[in-house]
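Student: Could we go through this structure together? I would like to begin with the overall picture and then turn to particular residues.

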Amino acid sequence: MGLSSTDSFDESPSKNAQDVRPDHQECLKILNLVLDEEAGPKEQEYFKKHIENCMPYYEIYNVDKAIKDLIRQKCYDKEVPSDLVDQIKSKVFQGAEE
């Protein structure tokens, strides 16, 4: 099993929370995992500690979460035109090939 891109937030046991500087790049990587409920316990804990002390990321998290919740609420269980589904699939596959 390989290391994920978010494994770099693992801290040495000798470091305490006061000695650890926030890593905004790592937090940005974890943000979408947290929002999609795909983050592991370590990632969730790291993100939670980060946003407790970082107002910009606290705001980003809350805005992104509100947008995702609104989209989920308004779009869930709605019928989608098949041509729109085909266009989205085409763009996703096109993006994956680039």
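Predicted model: local features only at pLDDT ≥ 70, side-chain atom pairs only at ≥ 80, totals over all residues.

Student: How many helices and strands are in the protein chain?
Tutor: The protein chain contains four helices and zero strands. Its pattern along the sequence is α-α-α-α.

Student: And what share of the residues is buried?
Tutor: Of the 98 residues in the protein chain, 17% are buried.

Student: What about contacts between residues that are at least 6 apart in sequence; what share joins residues at least 24 apart?
Tutor: The share is 50% of those contacts in the protein chain.

Student: Let us turn to packing. How do the axes of H2 and H3 cross?
Tutor: The two axes come within 7 Å of each other, and the crossing angle is roughly 120°. In general, the angle between the axes and the distance between them describe two packed helices.

Student: Which residues make the contact?
Tutor: H2 contributes Phe47, His50 and Ile51, while H3 contributes Tyr57, Tyr58 and Tyr61. Sorted by class, this contact of H2 with H3 has five nonpolar residues, one polar residue and no charged residues.

Student: What span should H3 have, given its residues?
Tutor: H3 has 21 residues, and at 1.5 Å a residue they should span 30 Å. The C-alpha atoms at its ends are 30 Å apart, which agrees with that expectation.

Student: New topic: how many salt bridges are there?
Tutor: The count comes to four salt bridges.

Student: Fine. Which residue does Lys49 meet in a salt bridge?
Tutor: Its partner is Glu45, with a distance of 3.9 Å from N to O. That pair qualifies because a salt bridge requires the nitrogen and the carboxyl oxygen to be within 4 Å.

Student: Where are Lys49 and Glu45 placed in the helix?
Tutor: Both belong to helix H2, residues 41-52, and they are four residues apart, so about one helical turn separates them. An α-helix has 3.6 residues a turn, so residues three or four places apart point the same way.

Student: Which salt bridges involve Asp69?
Tutor: One joins Asp69 to Lys65, at 3.1 Å from N to O. Another joins Asp69 to Arg72, where the closest N and O atoms are 3.3 Å apart. Because they share partners, these salt bridges link Lys65, Asp69 and Arg72 into one network.

Student: How are those three spaced along H3?
Tutor: Lys65 and Asp69 are four residues apart in helix H3, residues 55-75, which is about one turn of the helix. Asp69 and Arg72 are three residues apart in H3, again about one turn.

Student: And how accessible are they?
Tutor: Lys65 is partly exposed at 33% relative accessibility, and Asp69 is partly exposed at 31%. Arg72 has a relative accessible area of 48% and is also partly exposed.

Student: How many disulfides does the structure hold?
Tutor: It holds zero disulfides. Cys27, for example, is in no disulfide, and the nearest cysteine sulfur, that of Cys54, lies 6.6 Å away. A disulfide would need the two sulfur atoms within 2.5 Å.

Student: Is Cys27 buried or exposed?
Tutor: Cys27 is buried, with a relative accessible area of 0%. Cys75, by contrast, is partly exposed, at 48%.

Student: Lastly, the loops. What is the phi of Glu37?
Tutor: Its phi is near 60°, a positive value in a residue other than glycine. Glu37 sits in the loop between H1 and H2 and is exposed, with a relative accessible area of 70%.

Student: Where is Asp77 found?
Tutor: Asp77 lies in the loop between H3 and helix H4, residues 82-97, just after H3. Its phi is positive too, at about 65°. Asp77 is exposed, with a relative accessible area of 68%.

Student: And where does Gly40 lie?
Tutor: Gly40 is in the loop between helix H1, residues 24-35, and H2. Gly40 is partly exposed, at 24% relative accessibility. Its C-alpha atom is 9.7 Å from that of Ile30, ten residues away along the chain.

Technical notes:
Residues numbered from 1 in each chain as written. Heavy atoms only, no water. Salt bridge = Lys/Arg side-chain N within 4 Å of Asp/Glu carboxyl O. Helix = DSSP H or I, 4+ residues; strand = E, 2+ residues; numbered from the N terminus. Buried < 20%, exposed > 50% of the residue type's maximum accessible area, 1.4 Å probe, protein only. Axes fitted to C-alpha atoms, helices over the stretch in contact; angles between N-to-C directions. Contact = heavy atoms within 4.5 Å. Nonpolar A, V, L, I, M, F, W, Y, C, P; charged D, E, K, R; others polar. Expected span 1.5 Å × (residues − 1).
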